[in-house]
Amino acid sequence: MANLPQGILPTLPCSLPKCHLPEDIDAAAVAREFTTPPSPLSLDHFMSDALWRDSVALTGTFRTFYSAATIIEAWNSRCLARQAQGFQLAPEAARAVRPAPCLGWIEVPFTFETESLPAATCSGFLSLVPDGNGGWKIWLLRTILEEFRGQPSVDELEPNTPTAHRPFHDGASYECVVVGCGQSGLSVAGRLQALGVSYLVVDKAPRVGDSWLQRYESMKYTAASVICFCLPFGPTFTDEYPDLMNRQELARGYQDWAERYSINISFSTELVSGTWDEDHRKWTLQLRQQQGEQITTRSITCSHVVMAVGAGGHEPVRPTYPGEDIFQGDILHTAQYKSPHQWEGKHAVIIGSANSAHDAAADMVGTGMASITMIQRSRTCIIPVEYMPKFSKGSKLADRQQLSNPLTVNRLVSILSIRGQIAQNPERFDALERAGFKVDRDGEVIAHVTERYGGIIWTLETAPISLKDWFVKVKSNSHPVTFTPTGLLFEDDTHLPADVVIFATGYKWNVRDTIGELFGEKIYDQVEDYWGLDKEGEIRGAFKPSPRMYGHIWFISGTTTHSRYYSRFIALHIKADVMGTPVPVYRDTPGDGVSKVVEMGKDEYKN
Ligand SMILES: Cc1cc2nc3c(=O)[nH]c(=O)nc-3n(C[C@H](O)[C@H](O)[C@H](O)COP(=O)(O)OP(=O)(O)OC[C@H]3O[C@@H](n4cnc5c(N)ncnc54)[C@H](O)[C@@H]3O)c2cc1C
C-alpha cells in the first residue's frame, strides 16, 4: 500500500522486544538488579539481536551496531581506545517503556567518562528486557557525548550574556563561520557561543526568519504543539504564541531568540565561494554584502565552515511536460506561490498531493476559484500529528530519549502508534478514499522524512482533510502527458481545463551540489551526499565529520528537532578541534557486522 521506494530501514535487523511489563513493575528495582556497570561487557549481557547506537561519545560520529557479537567487539575496543570509565547507572531514574501492551523494556540512564583526550563526560541508556531465566539483558544500548571536562556546557547559555564577538571586516578571522541563520544556523551559533568558540553567522537574507517569511502567506505550522519548534537553551516560544503559529509568529520567535542570546550575525551577506588551504587548515571565504544599493566584497578566514543553508526548502524540483510553451495560463511551483487572489473565477490544477499541495488547495477554497483539482500520483501518507508518539517536547531529557535511538527503533515505535490509531479511526481516512484521494495508512513517517524526503501530509484532528468540503477534486488514476493551450491532457485522454498549474512536487535535498558550486570539485569529492540513509540506517552527510575530510566542513538542516539536538555535536566537534584535541572517529565494523545487517533484515517486526 505504501508509496515508498524500498529503502534501508525495513531491511535492518530490528524488532521491538515482545514483553508484557506488569503495570506495577518496579523499574528502579530491575535497574538495581542489573548490577553490572556497562563496562566491561560480555555476550551474556546482551540479547542476541541487541543494538548499540553511539552519538559521538565513543565513535566520534553516529553509528548503529547490530547484533550482540558485533556490539561486544566494537564496544570493548572503543572503551579501551577512549579509556571509558566511571560507569554509573541511575536506577532511580529508570522507567518502563511500553509502546504497546505486548511490547516493552526498562530504560535505565547511566553516565560515564572518557579519559583519553578530549576528556569528556558522557551519558547513555540501557534498555533491559527479561532474558527468560528470571534475569534481564540489554536489548538496546545508547551512548551520547555530553561535554568536555573543564569546558562550559554546550547545552547552557544565559540570555544577554556579554559577548566579545569579533567584528566583521575584510580579512577578519574566526574559528568558525556558520552560513545560514535559519533554525539550524542559529542553533549551531548559540552552542558555539556557549562553548566560547569565536564565530560569525552570515546570511544573504536581511533578517532572521526570512526563510519562513518567504513562504506562502497562509502557511501555518500545524505541528507546533506536538513537534517541538524550540531552539536550544529552553523554551523559544512563550505562552503568548498560539499552537497554530503562522510564518510571522515563527519568524518573530526566532528573531527574539537570536536577540536574547546576542547571536553574531551579518545579514545581507552571501557566501559566494571558498577555498581550503590544507597546509594551514584554513578556509578563505568570499562574501558579498549588500547595504542598500551598495555591494561590498569581503574575504575572511576560518578553520571550520558550517553549512546551514537549508535543504529541502530552497531549490524547487518539478517534472516538465511538453506543450508548456503553448499553454496560455500560469505555471508555478509552490515555492513561488504566495496567495490565490489573482486567479479568482479561474481553474486551478495542483500537481502533487502532499503537504504543500494541500496547503495551496486549502488556501484557494472560498476565494471564488471556478475549480481546484489535485493530481495524485500515488497513495499519500497522512500523519495526524496527535498520532505521533508523545516524546518530542524539546527538553534535554526528551531529546536524548528520542534522538539517541536508532532510527530503525523510532520507525517501529511510530509505525505502531500511527497504524494503531489509524485502524481505530478508519472513517476519517475512508472519507478521503470516497472523495477519490488514495491514502497510504502504513504510518512510515520516519522513512518518508529520511528516505523519501517528504511526501507526507501532517494534519491535526481539529483540521481534518476533507476534500469534499473543500470543493477540491482529486484525479489519481492517470498522469498528465502534455499541456494544451487551455489545460492539461492526461493518459486516459481526459482534458482538464486550467488557468493556473501549480507544481507541489518538492525541493532538491542534496546540499552536496551546493558545496560543489561554492567550493569546487575537489571539496565536492571529499564530502558525502547529504540526507538519505547509510547501510546502518544513519543519516548521510549530516551532523558529523565527513569520512574523507575530517571536520572543517559541516552540514546541518532538517526539522527544528534535528537543528536543536544535532547542533550540539557539531559544536562539540569544533570545540575539540579548536582545543587541539579533535575527537577521534571510528569507522570500522567488527566481524561480519555489515553482512549481518543484510542477512538479519528478515526479522523486522511486523505490525
Ligand atoms: C513549504 C514548507 C513548509 C515546511 N514546514 C515545516 C514544518 O512545519 N516543520 C519543520 O520542521 N520543517 C518544515 N519545513 C522544512 C524547513 O525548510 C526546514 O525545517 C527549515 O527551514 C530548515 O531550517 P534550516 O535552518 O536548516 O534552513 P533554512 O530555514 O532554509 O535557512 C537557510 C538559510 O541559509 C541562507 N543561505 C542559503 N545560502 C546562503 C549563502 N550562500 N550565503 C548566505 N546565506 C545563505 C538562507 O538565506 C536561509 O536563511 C518546511 C519547508 C517548506 C518548503
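This is a predicted model: local features need pLDDT of at least 70, side-chain atom pairs count only at pLDDT 80 or more; totals for chains, interfaces and linings use all residues.
Two strands pair if DSSP finds at least two bridges between them. Residues are numbered from 1 along each chain as its sequence is written, and side-chain values use heavy atoms, leaving out hydrogens and water.

**Strands**
- Opposite C381 sits I456 in strand 21; strands here are DSSP runs of E, at least two residues, and helices are runs of H or I, at least four, numbered from the N terminus.
- In strand 21 (residues 456-459), I456 and W458 point one way, I457 and T459 the other, and all are buried (under 20% relative accessible area, 1.4 Å probe, protein chains only).

**Helix packing**
- Helix 3 (residues 183-195) packs against helix 5 (residues 247-260) at about 20°, with axes 11 Å apart; the axes are lines fitted to C-alpha atoms over the stretch in contact, and angles run from 0 to 180 degrees between N-to-C directions.
- The two helices are therefore roughly parallel (angles under 35 degrees).
- Q183, L186 and G190 of helix 3 meet Y254, W257 and A258 of helix 5, with contact meaning heavy atoms within 4.5 Å.

- L117 and P118 are joined by a cis peptide bond, omega about 0°.
- V56 isn't a glycine, yet has a positive phi of about 75°; V56 is buried, at 1% relative accessible area.

How values were computed
Angles under 35 degrees count as roughly parallel, over 145 as roughly antiparallel, 65 to 115 as roughly perpendicular and the rest as oblique. Buried means under 20% relative accessible area, exposed over 50%, partly exposed in between (1.4 Å probe, protein chains only).
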